[in-house]
Amino acid sequence: MPKTPHARESSYISQSEVPTRRSGSTAMATTPGPLPALPPPVCPPPYPPSLSMPPTVRQESCGRRRSCHCRPDSAAASVDPMNAQNVTVIGLGQMGTALADAFLAAGHRTTVWNRTPGKADALVARGASRAASVEAAVAASELVVVCVLDHPAVRALLAPVAGSLRGRVVVNLTSGSPEQARAEAAWAAGHGIGYLDGAVMTTPPGVGDSANMILYAGSPELLAAHRATLAVLGDPVDLGPDAGLASLYDTGLLGLMWSVFGGWLHATALAGADGVPAREFTAVATRWLRTVSWFMTGYAEQIDAGEYPGADATIDVQVAAIGHLLHAGEARGIDGRLPELHLDLMRAAVQAGHGGDSYARIIEAFRKERDPEKR
C-alpha cells in the first residue's frame with residue numbers, strides 16, 4: 001500500500017496485514033433491496049411553507065440556531081378535563097421546567113416546587129400552582145415527578161416527607177447510575193411509595209415531542225396506570241421491573257451518541273479538508289447510518305448467540321480498509337486517534353485468531369473478566 005507524504009509510519013498497515021482479495025469479495029455486504037429516499041430535512045425556523053405541519057404539533061424555535069423541535073400543540077393534545085390528573089414536578093432546572101410545561105400544555109393540573117421559588121414564576125403565569133414546600137408539593141398530587149441534580153439530592157428532598165408520599169407514585173427522572181436507581185427503588189418500597197425510574201432521551205426543547213423516548217424502569221403496572229399522563233412528555237418505553245435499567249440504557253445510549261458524534265465529526269473534518277460543506281456530507285452520512293443500523297441489528301443476534309460468522313465482512317478485510325481512512329486523514333492533517341483505536345481493536349482480534357469473524361467479535365475486547373465470586 002503506497003504511503004502518502006508526511007505520513008506517520010506507526011499508523012500504516014503493513015503489506016502483510018492486507019488479506020488477499022478473492023474475486024467478488026467486498027468490504028461490506030449490500031443491504032437487502034434499495035435504501036429508502038432521504039427524509040425531509042430538519043426544519044430551520046421558520047418552518048418551510050412547502051412542508052405542512054402536522055395538526056397535532058406546534059413549531060418551536062431553538063433560538064438563533066438552525067434547528068427546531070415540534071412539540072404537541074396544547075389545544076390538540078389537551079386532555080379531557082375529566083381525565084386531567086394532578087401532577088407535581090419537583091425541580092425546575094431547564095429539564096424540570098420543560099417537563100412541567102408539557103404537563104401544563106396537555107391540561108394536567110400541575111403543581112411545581114423549586115428551592116429557588118422565582119424559577120416557578122413563568123410556569124405559574126401559565127397556570128401552574130406554586131407549592132410553598134416539598135411537603136405541600138407532594139400532598140397536591142398522586143403523581144410526583146422529580147428532576148434534580150443527582151440522586152443524593154432526591155433522597156435529601158424526599159426522605160423528610162416519606163410519610164406523606166406513602167401510597168403515591170414517584171417518577172424519578174434524575175440522572176444517575178443503575179445502582180443508585182435500585183437503591184432509590186428499595187427505599188421507596190420500604191416506605192410504601194410507588195416508584196418508577198426514568199431517563200429523558202432528549203434535551204429540554206425536545207420534551208413533549210412523541211418522537212423522543214422517555215425510558216422507564218420499575219413496576220410495569222404503575223407505568224401502565226400513568227402511561228397516558230406520562231406520554232405527554234414523550235414516548236414512554238417500558239424496560240421492565242428492574243429499576244436500574246433506565247439508567248443503564250441511558251448511560252449506554254449516551255456512550256453510543258458520543259461515539260457516533262466523534263465518528264461523524266472526524267469524517268466531516270476529513271471531507272471538509274477537500275472543501276465539502278458539512279451540511280452536504282451529513283445528508284449522505286445520515287442515510288449511511290440506516291445501513292449501519294441494519295448491520296447492528298444482525299450483529300446483535302450474533303452477540304446474543306456468541307457466534308460471529310464473517311459472512312458479510314471479516315475483520316481482516318476491514319483491517320485493510322481502515323488503512324485508507326488513516327492515509328486520507330494523515331494527508332490532510334486530520335487527527336487519527338479515533339480510527340487508530342479501531343485499528344488497535346481489529347489487530348488484537350486478528351492476532352487472537354479471529355480475523356475471519358465479523359466485526360461483532362470486537363465486543364469481546366470491551367468485556368472484562370469478572371471475579372467469579374462477584375458475579
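## Basis of the description

The model is predicted: local features need pLDDT of at least 70, side-chain atom pairs count only at pLDDT 80 or more, and totals for chains, interfaces and linings use all residues. Residues are numbered from 1 along each chain as its sequence is written, and side-chain values use heavy atoms, with hydrogens and water left out.

## The sheet

Two strands count as paired if DSSP finds at least two bridges between them. β9 and β10 pair in the parallel sense over four bridges; Tyr216 has Asp238 in β10 as its bridge partner.

β7 pairs in the parallel sense with β6 over four bridges and with β8, likewise in the parallel sense, over four bridges.

## Nonpolar cores

A nonpolar core is a set of buried Ala, Val, Leu, Ile, Met, Phe, Trp, Tyr and Cys residues joined through side-chain atoms within 4.5 Å. The largest has 30 residues, and those with the most contacts inside it are Val171, Leu173, Leu230 and Leu233. Elements that each supply at least two residues include β3 (86-90), β7 (169-172) and α7 (220-230); α1 gives the most, with eight residues.

Leaving aside neighbours within four places in sequence, Leu173 is in contact (heavy atoms within 4.5 Å) with residues including Leu99, Val145, Ile214, Tyr216 and Leu233. A second, separate core of 21 residues includes Ala131, Leu157, Ala185 and Trp187.

## Helix α9

Helices are DSSP runs of H or I, at least four residues. Helix α9 (residues 278-305) has 28 residues and reaches 39 Å from its first C-alpha to its last, close to the 40 Å expected at 1.5 Å a residue, the expected span being 1.5 Å times one less than the number of residues.

The buried residues of α9 are Ala285, Thr291, Phe295, Tyr299 and Gln302, and what covers them includes α8 (245-272). Just after α9, Gly306 takes a positive phi of about 70°.

Note on methods
Buried < 20%, exposed > 50% of the residue type's maximum accessible area, 1.4 Å probe, protein only.
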